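Have a look at the model, then read on.

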Amino acid sequence: MAAEIVNPRSDSSTGHEGADEPFDPAFALHRGGKMAVQATVPVRDKDDLSLAYTPGVAKVCSAIAERPELVHDYTWKSNVVAVVTDGTAVLGLGDIGAEASLPVMEGKAILFKQFGGVDAVPIALATTDADEIVETVVRLAPSFGGVNLEDISAPRCFEIERKLQERLDIPVFHDDQHGTAVVTLAALRNAAKLTGRTLGDLRAVISGAGAAGVAIAKFLLEAGLGDVAVADRKGIVSRDRDDLTPVKRELAELTNKAGISGSLEAALKGADVFIGVSGGTVPEPAVASMAPNAFVFAMANPNPEVHPDVAHKYAAVVATGRSDYPNQINNVLAFPGIFAGALQVRASRITEGMKIAAADALADVVGDELSADYVIPSPFDERVAPAVTAAVAAAARAEGVARS
């Protein structure tokens, strides 16, 4: 069912709803968009103009033509990211199209600036064809230092990211996958620490085999998780199923060492961790069947798969995707610092090691304040972005992908 938007503002001069409509602050804030371009140099007189534009600009253009690497020093390329979408998987709204996705892409862009000091440009594409998206981004890439893919539906998002990474020498990062995975790992590390365990001691169950679920599963295993099973609408993704897509077949080979088949509820019996990135509701008896000192990360918005009040009956640590409960798993904790660190050293790509470094740095921000209600810091903690930026930059240098 299409989302129905009610009460758009009818009076642009006053910034209020029409006479018969209640004032809606969301529409008030979005009137005219949420961002603009601002100059970093003055253009006050003809001398300024002759430097910022012709003839002075010609000298800089000629220098870059002779030495292309100078583009990083004399343009904004080294600090600007393209936020690219096709509008097919926008928040909980689904496939709403390119133009309707723009408010979200603008929001993403201002979060880059606010939390990471990185400039970002929203780009909503009027195509859902994977190859057309790839070709378009490749042609736009000379203007940007990195590409953040956003709200592109699975399984096309995997193909698009892979092809762009193969063809471009700048970071390409699908935040719905990797940002979520980084923040989840950070919270899970601290939850394990709080209960005297390591990642290797844990068996997890993930509800959702889309972009986030697949990425989280792979990333947690890379980081040392003991085992993880992933459930889609038909049950656990396992080798004995004959209805799996190529992405899920690969996932079945990597996950589920315990050989579990059947339903999500069956997999949760004795599990240490539940991670929800799918929506829906997990029955309370299934949550109750988890191991002692379990962790419930129910991240669907606005309605978590397990209500926090239910989760707290059985779990040692509870996290959600909501800001009105403790332990919010929020991508804004990751992507601004990850890109800031990658751009700082002109990294050619974002590696698994850089993402793990980001997660470790994020977990370390909590430090001695660690508690059941504080396994992940707030997005407004001013320590977060600098810590993640420094860790990612150091990891890029260590892994040989830094160019400065």
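Two strands count as paired if DSSP finds at least two bridges between them. Helices (H or I, at least four residues) and strands (E, at least two) are DSSP runs, numbered from the N terminus. Keep in mind that this is a predicted model, in which local features need pLDDT of at least 70 and side-chain atom pairs count only at pLDDT 80 or more, while totals for chains, interfaces and linings use all residues. Residues are numbered from 1 along each chain as its sequence is written, and side-chain values use heavy atoms, with hydrogens and water left out.

**The sheet around β9**

Let's start with an open sheet of 6 strands, which has mixed pairing and runs in the order β7-β6-β5-β8-β9-β10. β7 (235-236) and β10 stand at its edges with a single partner strand each, so one side of each has no neighbour in the sheet.

Strand β8 (residues 273-276) runs parallel to β9, and 4 bridges join them. Here G276 sits opposite A298 in β9. On to the next pair: β9 and strand β10 (residues 315-320) are parallel too, over 5 bridges, and F295 stands opposite V317 in β10.

How many residues of strand β9 are buried? For this, buried means under 20% relative accessible area, exposed over 50%, and partly exposed in between (1.4 Å probe, protein chains only). The count for β9 (residues 294-298) is 5 of 5, so this strand is largely enclosed by the rest of the structure. A294, V296 and A298 point one way from β9, while F295 and F297 point the other way.

Most residues other than glycine have a negative phi, and most peptide bonds are trans. Some spots here go the other way.

N256 has a positive phi near 60 degrees. N256 lies in the loop between α10 (246-254) and α11 (264-268), and counts as buried because its relative accessibility is 9%. N327 also has a positive phi, near 60 degrees, and belongs to the loop between β10 and α14 (335-344). At 4% relative accessibility, N327 is buried.

**A pocket to look for**

A pocket, on a 1 Å grid over the protein atoms alone, is an open set of points where a 1.4 Å probe fits, with protein on both sides within 12 Å along at least five of seven lines; lining residues have an atom within 4 Å of a point. The second largest pocket is lined by 25 residues, and V37, Q38, A39, T40 and W76 lie nearest its centre. The elements giving two or more residues to this lining are α2 (46-52), α3 (56-66), α4 (71-74), α5 (98-116) and β2 (119-124). β2 gives the most, with 4 residues.

**Cysteines**

A disulfide is a pair of cysteine sulfur atoms within 2.5 Å, and a search of the whole structure finds 0 of them. C61 is partly exposed, at 47% relative accessibility, whereas C157 is buried, at 2%.
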